[in-house]
Amino acid sequence: MSLVAVGTMAFDAIETPFGEVDKILGGAATYISLAASFYIRPVKAISIVGYDFEPHIIESLKARGIDMEGVQVKTQEKSFFWAGRYHNDMNTRDTLITELNVLANFDPVIPSSYQDCQYLMLGNLAPQTQQQVIERLEKRPALIVMDTMNFWMDTAMDSLLKAIGMVDVLVINGEEARQLTGQYSLRKAAHQILDMGPAFLVIKKGEHGALLFHEQEVFSAPGLPLEEVFDPTGAGDTFAGGFIGYLARTGDTSFENMKRAVIHGSAMASFCVEKFGPERLMEIDQRMLNERIREFVKLANFNL
Ligand code: AMP
């Protein structure tokens with residue numbers, strides 16, 4: 001199975017109650033690709049970076065099975081830069097700086113070696129760009145998963161609705177689901193979103209887990225109570241990467257298999273928050289991931 005991941009590759013500055021970093025590797029495509037690479041290789045990335053994205057960073061991503069052919073390098077400009085500060089609850093954050101830099105003129109290029117794409121992960125980007133990627137693929141992938149954020153609901157609702165209508169799975173958080181539909185009940189919001197086009201909807205609830213909706217069905221994945229929560233940046237993207245990576249590896253897009261994919265996404269995300277940026281994703285191995293999945297199974301298991 002072939003997996004393509006689209007999104008930002010960036011530098012972030014992050015402040016949490018536990019510390020701060022002024023420049024660390026980030027971006028949705030970075031987290032998605034790192035997480036998915038635990039399931040399938042190569043992960044074919046589509047993104048754009050600037051002169052500050054040094055060759056050793058590109059090499060370290062390649063070494064993790066990430067194909068960088070679809071990542072454009074602009075030698076005159078800087079990479080996308082984002083700075084955020086988390087509140088004490090670690091669930092909410094303020095965006096302090098968003099510098100688009102290279103992203104301002106992002107025209108995604110799809111290398112011919114990516115045209116075999118069967119699983120497409122559209123990370124959070126302008127919905128027009130997400131649409132362009134779908135349109136530039138010669139064949140529609142078997143499964144398209146899309147992430148987005150409230151910013152696009154405020155500024156580009158029409159094209160966001162068009163993009164949502166083109167995908168199979170939408171992955172958003174609870175607050176975004178409420179904003180998109182005007183419904184407080186997540187169940188009502190979910191049905192309204194499923195009527196917009198996607199056959200499946202994942203609603204992420206941060207430390208409280210995730211819900212998967214399909215037709216009249218709903219599945220709830222728990223949030224694993226962790227000893228250490230250091231930095232939630234990228235947890236949503238890491239979830240998406242683990243989710244689609246698992247689906248691509250197993251080649252099964254049934255509701256039953258999506259339940260397992262939600263657990264794999266949750267397990268990957270639970271590692272992400274344990275250190276700053278993608279640091280923890282860079283140090284875990286398959287054995288640790290399997291152990292974490294078992295913890296999730298135990299957490300939700302009971303006898304009637
Ligand atoms: P998450 O914590 O999952 O929402 O993702 C955080 C990542 O998203 C950071 O690494 C940022 O570089 C990236 N990011 C922040 N704002 C945007 C934006 N407006 N568009 C695309 N990516 C963004």
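Reader: What makes β3-β2-β6-β7 an open sheet of 4 strands with mixed pairing?

Author: In this predicted model, the 4 strands follow the order β3-β2-β6-β7 with mixed pairing. Strands are DSSP runs of E with at least two residues, numbered from the N terminus, and two of them pair if DSSP finds at least two bridges between them. β3 (19-26) and β7 (93-99) stand at the edges with a single partner strand each, so one side of each has no neighbour in the sheet.

Reader: How do you know that β2 and β6 pair?

Author: β2 and β6 share 6 bridges in the parallel sense, and the definition asks for at least two; therefore they count as paired. Asp12 has Trp82 in β6 as its bridge partner.

Reader: What makes up the shell around the ligand by class?

Author: The shell has 7 nonpolar, 7 polar and 3 charged residues. Asp, Glu, Lys and Arg count as charged, and Gly is among the polar ones. α8 gives the largest share, 3 residues.

Reader: Which conventions apply to numbering and confidence?

Author: Residues are numbered from 1 along each chain as its sequence is written. Local features need pLDDT of at least 70, side-chain atom pairs count only at pLDDT 80 or more, and totals for chains, interfaces and linings use all residues, while side-chain values use heavy atoms, without hydrogens and water.
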